[in-house]
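Hi,

Here is the structure I promised to pass on. Have a look at it first, and my notes follow below.

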Amino acid sequence: MDFSVSEKMQTIIEMINEFMDREIIPLEPAFLRKPFADLVPELEEKRRMVKQMELWAPPHPRKYGGMELDLMEFALVSEALGRSPLGHYIFGCQAPDAGNVEILHIYGTDEQKETYLRPLVEGKIRSCFSMTEVEMPGSNPVMLETTAVKEGHDYLINGQKWYSTAADGARFAIVMAVTNPDASPYLAASMVIVPTDTKGFNLVRNISIMGHEGSGWHSHGEILYQSCRVPQKNLLGPEGHGFVIAQERLGPGRIHHCMRWIGECNRAFDLMCSRAINRVISPGKVLAGKQIVQVWIAECAAEIQAARLMVLHAAWKMQNLGVKEAREDISLIKFFVAKVLQKVVDSALQVHGGLGMSDDTILAFLYRFERAARIYDGVDEVHKVSVAKRVLRDYENRVVR
Ligand SMILES: Cc1cc2nc3c(=O)[nH]c(=O)nc-3n(C[C@H](O)[C@H](O)[C@H](O)COP(=O)(O)OP(=O)(O)OC[C@H]3O[C@@H](n4cnc5c(N)ncnc54)[C@H](O)[C@@H]3O)c2cc1C
C-alpha cells in the first residue's frame with residue numbers, strides 16, 4: 001500500500017491551497033449571509049479562473065472537460081477543497097452533480113451524455129438526485145412509493161420526494177421510481193431522468209435546515225411528481241437496476257464526502273489552534289496554556305490523522321481491489337469520519353466561546369450543516385450494523401482461545 005503523493009499531485013494541491021486562501025475563503029462571509037443567487041456572478045468568475053488554471057472538474061472524464069484524476073488523487077483534492085463549503089462548487093465537482101456525472105458516464109446513452117452529461121461537467125447546468133421520500137424510510141431504500149408507469153412511449157411518474165439536494169435551479173433530476181413492482185425489491189426500481197421544466201415536476205419548497213432554507217445549489221428540495229410525463233428514452237441504465245446503480249454511485253461518493261470532511265476537520269483544527277494561541281484569558285496567559293485545551297488539540301490531531309489514513313486506505317482498496325472488497329472499509333469510514341468531524345468542530349467551537357456560536361467564523365455553519373453527515377449517504381446505524389454483521393460472520397466457525 002503506497003500513500004506517497006506524486007510530484008504532479010503535490011503541485012496541484014499547492015495550487016488549490018493557495019487559490020482557496022486567496023480567492024475562496026474570503027467569499028465565505030457573503031455565502032453565510034446572502035441568498036446563493038446573489039453570489040453566482042462572483043462564483044462564476046472564480047470558476048473561470050479555475051478553468052484557466054486547468055484545474056476544472058478534477059474527477060470527471062477528460063472527454064467532457066474534466067481532469068480525470070483517479071480516486072486516490074481526487075481524495076487528496078477533495079481534502080484540500082473541503083476547507084471551504086464553496087471549494088467543490090468552484091472547482092466543478094460538487095455534490096450531487098459529481099455523483100450524477102459518474103452514473104451518466106457509465107450508464108448514459110450517447111444522447112443522454114450529450115444532453116445532460118456534457119453541460120453538467122462543463123458547469124453550464126446543475127442537477128439533483130431524487131431518491132428519498134417523505135413517507136418512506138430512506139435508510140431502507142427498497143421501500144419506495146414513487147412509481148414510473150409505462151404509458152405509450154412515456155413513463156408517468158407520481159410520488160413525493162424530499163431532500164433532493166440542489167433541486168432549486170437544477171436543469172434535471174435523476175429520479176428513483178418503481179417500474180417493476182412485481183420483481184424482487186432490489187430489482188423493482190429504476191432511475192429516470194426528468195428535466196425540471198417537465199409539467200408535473202413541482203418543487204414544493206426548500207426545506208428549512210436548522211433555521212436555514214437556503215437557495216440555489218445550497219438547498220434541499222421537496223418535490224411532488226404529479227403525472228410527470230417523460231419519454232421512455234429517459235431511462236438511465238437498464239430497467240429495474242436503480243439500486244445497483246445507486247450503490248455504484250454511493251461507493252466513490254462516500255470517499256469524496258469523507259475526504260471533504262477531513263478538509264473541514266483541518267480547517268476547524270487550524271482555527272482552534274490559532275484561537276488558542278492568540279486568545280488572552282488572563283494577564284499574560286493565553287488559552288493554549290490550559291491543559292484541557294491541549295488535550296482537545298492532541299485528541300483532535302490524533303483522530304483527524306486516524307480518520308485520514310482510514311479514508312486513504314479505503315480509497316486505495318477500492319481503486320486497487322474493487323468496490324466489493326472495500327465495502328466494509330467504506331462503511332467504517334462513513335460513520336467514523338462523521339463522528340470525528342463532529343468532535344473536532346465542537347471542540348473548535350468551544351475554544352472560540354461566543355465567537356464560535358456567531359457566524360463570524362465558519363465553525364457555526366459546519367456545526368449546523370454537518371450534523372447531517374451522520375444521516376446522508378447511509379445513516380450511522382445502518383453502516384454499523386452492516387460492519388458488525390460482517391465481522392461476526394467470521395467468528396461463526398472460528399474457535400478463539
Ligand atoms: C443534508 C441532507 C442531504 C440529503 N441529500 C439527499 C439527496 O440529494 N438525495 C436523496 O435522495 N436523499 C438525500 N438525503 C436523504 C438521506 O439520504 C436520508 O435522510 C437518509 O437516507 C435517512 O433516511 P430517513 O431520513 O428517511 O430516515 P429513516 O430511514 O426514517 O431513519 C431514521 C433513523 O432511524 C434509525 N435507523 C434507521 N435504520 C436503522 C437500522 N437498520 N438500525 C438501527 N437504527 C436505524 C437511524 O438513527 C436513523 O437516523 C439527504 C439528507 C440530508 C439530511
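**Around the ligand**

β1 (127-130), β3 (154-165) and α13 (380-393) each give at least two residues to the shell around the ligand; helices (H or I, at least four residues) and strands (E, at least two) are DSSP runs, numbered from the N terminus. Before you go further: this is a predicted model, where local features need pLDDT of at least 70, side-chain atom pairs count only at pLDDT 80 or more, and totals for chains, interfaces and linings use all residues. Residues are numbered from 1 along each chain as its sequence is written.

The ligand has 19 residues around it, with Met131, Pro137, Gly138, Ser139 and Thr165 the closest (near means a C-beta atom, placed from the backbone, within 6 Å). By class, that shell has eleven nonpolar, seven polar and one charged residues (Ala, Val, Leu, Ile, Met, Phe, Trp, Tyr, Cys and Pro count as nonpolar, Asp, Glu, Lys and Arg as charged, the others, Gly among them, as polar). Domain 2 (127-238) and domain 3 (244-393) each supply at least three residues of the shell.

On the domains: there is also domain 1 (7-94), and the bounds come from an automatic or database domain assignment. The centres of domain 2 and domain 3, taken over C-alpha atoms, are 30 Å apart. Eight residues of domain 2 are in contact with six of domain 3 (C-beta atoms, placed from the backbone, within 7 Å). On the domain 2 side, six of those are nonpolar, two polar and none charged.

Cheers

Technical notes. Contact = placed C-beta atoms within 7 Å.
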